[in-house]
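Happy to walk through this one with you.

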Amino acid sequence: MEDDMHVAEKIREPAQVNAVALKAYARVADAWGLNLNEAAGLADMTVSTWKRAKKPDFAGELTKDQLLRLSAVIGIYKSLELYFSEPLARSWFTRPNTGPLFGGSRPVDIAIDGGLPQILAVRTYLDALRGGA
């Protein structure tokens, strides 16, 4: 059992996980057309940190909160791609939304202002839409 744990640790080096998450998140931010401030805010980073984090050689650490944010945002992206057709799937996150969760605001702004709990709420909302709940 202990040997299995060491193998899992080797496969999931934090730097490797961070690199994969950042690369995927950068693609999502680009697909949605997020500006530097939006992409940084959604990831809970300063603009200068986000600029560095986008580069392949970024060696900085991500907090657990940041990693969870990136993962949830990637999940939101996947849900939108499955639920909506283009171009709505790409623009939904940055368009004003009259749904109960958003009150006329853009989901991206609600997610930035509300942090991880609100990002997770958006993801849950989309999963419910997709599941027909």
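Q: Which residues of H5 and H7 meet each other?
A: This is a predicted model, where local features need pLDDT of at least 70, side-chain atom pairs count only at pLDDT 80 or more, and totals for chains, interfaces and linings use all residues. Residues are numbered from 1 along each chain as its sequence is written, and side-chain values use heavy atoms, leaving out hydrogens and water. Contact means heavy atoms within 4.5 Å. On that basis, residues of H5 including Leu 68, Ala 72, Ile 76 and Tyr 83 meet residues of H7, among them Leu 116, Ile 119, Arg 123 and Leu 126.

Q: How many residues of the contact of H5 with H7 are nonpolar?
A: Ala, Val, Leu, Ile, Met, Phe, Trp, Tyr, Cys and Pro count as nonpolar, Asp, Glu, Lys and Arg as charged, and the others, Gly among them, as polar. Four residues of this contact are polar and five charged, while the nonpolar ones number 13.

Q: Are H5 and H7 roughly parallel or roughly antiparallel?
A: Helix H5 spans residues 64-83 and helix H7 residues 107-131, with axes 9 Å apart and an angle of about 25 degrees. Angles under 35 degrees count as roughly parallel and those over 145 as roughly antiparallel. H5 and H7 are therefore roughly parallel.

Q: What percentage of the protein's residues count as buried?
A: Buried means under 20% relative accessible area with a 1.4 Å probe, protein chains only. Among the 133 residues of the protein, the buried share is 37%.

How values were computed. Buried < 20%, exposed > 50% of the residue type's maximum accessible area, 1.4 Å probe, protein only. Axes fitted to C-alpha atoms, helices over the stretch in contact; angles between N-to-C directions. Helix = DSSP H or I, 4+ residues; strand = E, 2+ residues; numbered from the N terminus. Parallel < 35°, antiparallel > 145°, perpendicular 65-115°, else oblique.
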